[in-house]
Amino acid sequence: MRAVGHAPNQPITHSPNDKPPMSQTAPLDSTPSQAPPQTVPWYRRASVWFGIGINPASISVGGGLAQRIPASQLLWLIPLGALVLVLMSTMQGIVGLRRRQRLAQIATSTVGAGGAGLINLLMAIGMIGWGGFHGGVSGVSAAQLFHLPGWGGALFVAVALFVLAELGVNRWATILWLTTAAAVALTLFALWAVDVTVPAATADPLGGLGAWLWGLGAITAYATLFSLRGPDFTWDMESTADVIKVNICFYFLLVFSTGAGVLLYHSTGQWNIADILTQAQSAGLGHVFLLIAVASPLLSGLYSGALALSGVSPLSLRQSTALICILTFALATTRFDQRLITFLGFIGASLGPALFVMLLANALTPKPAWRLALIAWLAGAVVALLFQWQGQSIHIFAGALTSIVVLGVLRLFNRR
């Protein structure tokens, strides 16, 4: 982890011995950090939100939802779930901006050094999982485009990812405008390349409250990691309005891409965009779009993953980046992208309650003691994981509600 004053145009990797400063590994009080030496306008970082809003994963999430929920119900379920997600992303981003702190500092002051270390560990695991997903879909495209074996396509993506990461967050954030355009082109191409079928409004037995809650949970879980790490990209923005602007764009792109995924599933019977492209006409052009489109989510995830991993291990930022790229390659060769929905369930159950606790703790006055917040998060995570293990569709909401109730009760008894 670099210090908060990290120069914005420098690579995320520095000297081999680069380690987190003590200010980010020891508990902090609620006093915001000093303003950064240079603030960043919203459009310099907007491509990060755009890349999360529309990319192969968001398209696949829409297809995954269509497997279980009628399209007529997804017409309102997707916008509602996206709204809940974007509201959390906006609030967390504003916390980072107002405190002028990244996720590591906010987490430490909220749940203590131990809790922040656990969040960093789970964050690193989550970023590796997302790398495995995007590496899997892009590895398939690279292999088919360049006539390589499957592992060769995954290796090409992992090496390219490490090279691009060396450019630094602001330099590759600027480049990612191109990847966002490619993601839009990928979506439109996929819709054009298949015989799009508008799904009929039928009564599906998988509808109802249980499926709705599962769908809302899946949409929320899709970007729980991104919402949680939002301060990594907003802490040095110029104003609250900047955070709101990028999240409004995030909302509309997410609704568009997941809606496209629903149409693609009903047209092809598949939800994974890589598999859809393999069967499409002019598949080569689609693979080019996909390879460019995954750069944004891969790089933004790698950035936060390297920060998190270096904060809980003896590895430097460059070493953490290299390790994540290696693990991305390993997961991509196993087609981890075909396990997206299961992966999202784990992420939502373990880190969803942490996001709710962090938002609530920073909104309360006085701020709850870090021990209380840590207990509330762990209690919610345990409940969510148990519900998920039992196949309950409400696992994310049960975990979040548990954390909120536990924090309220503990805070009340602590004050007495």
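Guide: What follows is a set of questions and answers about this predicted model.

Visitor: What makes up the protein chain, in helices and strands, and how much of it counts as buried?

Guide: The protein chain has 17 helices and zero strands. Of its 416 residues, 57% count as buried, a word that is used here for a relative accessible area under 20%.

Visitor: Why is the pair R45 and D236 called a salt bridge?

Guide: The term asks for a side-chain nitrogen of Lys or Arg within 4 Å of a carboxyl oxygen of Asp or Glu. In this pair the closest N and O atoms are 2.8 Å apart, so R45 and D236 meet the cut-off. In general, side chains of opposite charge can pair when their charged atoms come close. The structure holds one salt bridge, and both of its residues, R45 and D236, are buried.

Visitor: How do you know whether N55 is buried or exposed?

Guide: The relative accessibility of N55 is 1%, and because buried means under 20%, N55 counts as buried. This residue is found in the loop between α1 and α2, and, not counting residues up to four places away in sequence, N55 touches H134, A183, Y222 and P297. A polar atom of the N55 side chain also lies 2.7 Å from the backbone oxygen of G51. The C-alpha atoms of N55 and L254 are separated by 8.9 Å, although the two residues are 199 residues apart along the chain.

Visitor: Is H147 buried or exposed, and what makes it so?

Guide: H147 has a relative accessible area of 72%, and because exposed means over 50%, H147 is exposed. H147 lies in the loop between α4 and α5, and its phi is near 55°, a positive value in a residue other than glycine. R335, in the loop between α14 and α15, likewise has a positive phi of about 55° although it is not a glycine.

Visitor: Which residues have the most contacts inside the largest nonpolar core?

Guide: That core has 111 residues, and those with the most contacts inside it are W130, Y222, F250 and W377. Helix α4, residues 103-146, gives the most to this core, with 16 residues. Leaving aside its neighbours within four places in sequence, W377 has contacts that include G115, L118, I119 and L122, as well as S350, L351 and P353.

Visitor: Why is α15 described as largely enclosed by the rest of the structure?

Guide: Of the 24 residues of α15, 17 are buried, so the helix is largely enclosed by the rest of the structure.

Visitor: What makes T224 count as buried, and what does it touch?

Guide: T224 has a relative accessible area of 3%, and because the cut-off for buried is under 20%, the word applies. T224 lies in helix α8, residues 224-228, and, not counting residues up to four places away in sequence, it touches L85, I347, L351, G352 and L355. The side chain of T224 also reaches the backbone oxygen of T220 at 2.8 Å.

Visitor: What is the span of helix α16, and what covers its buried residues?

Guide: Helix α16, residues 370-389, has 20 residues and reaches 28 Å from its first C-alpha to its last, close to the 28 Å expected at 1.5 Å a residue. Its buried residues include L372, A373, L374 and W377, and what covers the buried residues of α16 includes α4, α15 and α17. In the loop between α15 and α16 lies P366, and the peptide bond from T365 to P366 is cis, with omega near -5°.

Note on methods. Residues numbered from 1 in each chain as written. Predicted model: local features only at pLDDT ≥ 70, side-chain atom pairs only at ≥ 80, totals over all residues. Heavy atoms only, no water. Buried < 20%, exposed > 50% of the residue type's maximum accessible area, 1.4 Å probe, protein only. Core = buried A, V, L, I, M, F, W, Y, C linked by side-chain atoms within 4.5 Å. Helix = DSSP H or I, 4+ residues; strand = E, 2+ residues; numbered from the N terminus. Contact = heavy atoms within 4.5 Å. Polar contact = N/O pair within 3.5 Å; in protein donor to acceptor, adjacent residues only side chain to side chain. Expected span 1.5 Å × (residues − 1).
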